[in-house]
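The entries follow in the order in which I looked things up.

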Amino acid sequence: MGIIRKTKSVVTVLDLFEKSDDALSVVGLVERLKEEMNKTTVYRILERLEDEAILHSFAGKDGLTWYAKCNGCSSSNHLDSHPHFQCRECGKSECLSIDVQLPVISNHKIDSVELLLLGQCADCM
């Protein structure tokens, strides 16, 4: 796709991720940005940022899509096959910086992995 243009809307979305250490849900982002841009614009920006390996997405406990900043990825090689944690109490979602050994399955190529751990975060315990 090429380098993403830093329009005012893109900068606004990127700023939310820079100010947060946690993942952000697409529903939450649409709600937070409803005065500045419409839902379609939010979805389009998130898709572009994911294509450019600036963000990665994963499915949360209720099937909602969550986004978090990438770390060391490129548009041709996403390295975000790490587990995510979601608190059942407050809903907070976060990337976990732990290694997970992916299985080797003969005659198969694994392109992506999603591992979601559910429980209580430190604030809710």
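Entry 1, the whole chain. I looked up the contacts first, a contact meaning heavy atoms within 4.5 Å. In the protein chain, 54% of the contacts with a separation of 6 or more are between residues 24 or more positions apart. I note that this is a predicted model, in which local features need pLDDT of at least 70 and side-chain atom pairs count only at pLDDT 80 or more, while totals for chains, interfaces and linings use all residues. Residues are numbered from 1 along each chain as its sequence is written, and side-chain values use heavy atoms, with hydrogens and water left out.

I then listed the secondary structure and found 3 helices and 6 strands. Helices (H or I, at least four residues) and strands (E, at least two) are DSSP runs, numbered from the N terminus. From the N terminus on, the order is α-β-α-α-β-β-β-β-β.

I looked up burial next: 34% of the 125 residues count as buried. Buried means under 20% relative accessible area, exposed over 50%, and partly exposed in between (1.4 Å probe, protein chains only). The chain exposes about 8,400 Å², and carbon and sulfur atoms supply 47% of that area. Accessible areas come from the Shrake-Rupley method with a 1.4 Å probe; for residues, only the protein chains shown count as cover.

Which residues of helix H1 (residues 8-18) are buried? I found Val-10, Thr-12, Val-13, Leu-14, Leu-16 and Phe-17. Their cover includes S1, helix H2 (26-32), helix H3 (39-51), S2 and S3.

Two strands pair if DSSP finds at least two bridges between them. Strand S2 (residues 55-59) and strand S3 (residues 65-69) run antiparallel and are joined by 5 bridges. Phe-58 has Trp-66 as its bridge partner in S3, and His-56 stands opposite Ala-68 in S3. S2 and S3 form a hairpin with 5 residues between them, and in the turn Gly-63 has a positive phi of about 85 degrees. S3 also pairs with strand S1 (residues 24-25), in the antiparallel sense over 2 bridges. There, Ser-25 stands opposite Trp-66.

Is Ser-93 buried or exposed? Ser-93 has a relative accessible area of 1%, so I put it down as buried. Ser-93 lies in strand S5. Not counting residues up to four places away in sequence, Ser-93 touches Asp-22, Ala-23, Phe-58, Trp-66, Phe-85 and Gln-86.

I placed Glu-89 in the loop between strand S4 (84-87) and strand S5 (93-95). Glu-89 counts as exposed because its relative accessibility is 54%. Leaving aside neighbours within four places in sequence, Glu-89 is in contact with Gly-119, Gln-120 and Cys-124. With Gln-120 there is a polar contact, side chain to side chain, at 2.9 Å. A polar contact is a pair of N or O atoms within 3.5 Å; within protein, one must be able to donate a hydrogen and the other to accept it, and residues adjacent in sequence count only if both atoms are side-chain atoms. I also checked Cys-121, 32 residues from Glu-89 along the chain: the C-alpha atoms of the two are separated by 8.1 Å.

Ile-98 is in the loop between S5 and strand S6 (116-119). Ile-98 counts as partly exposed, because its relative accessibility is 47%.
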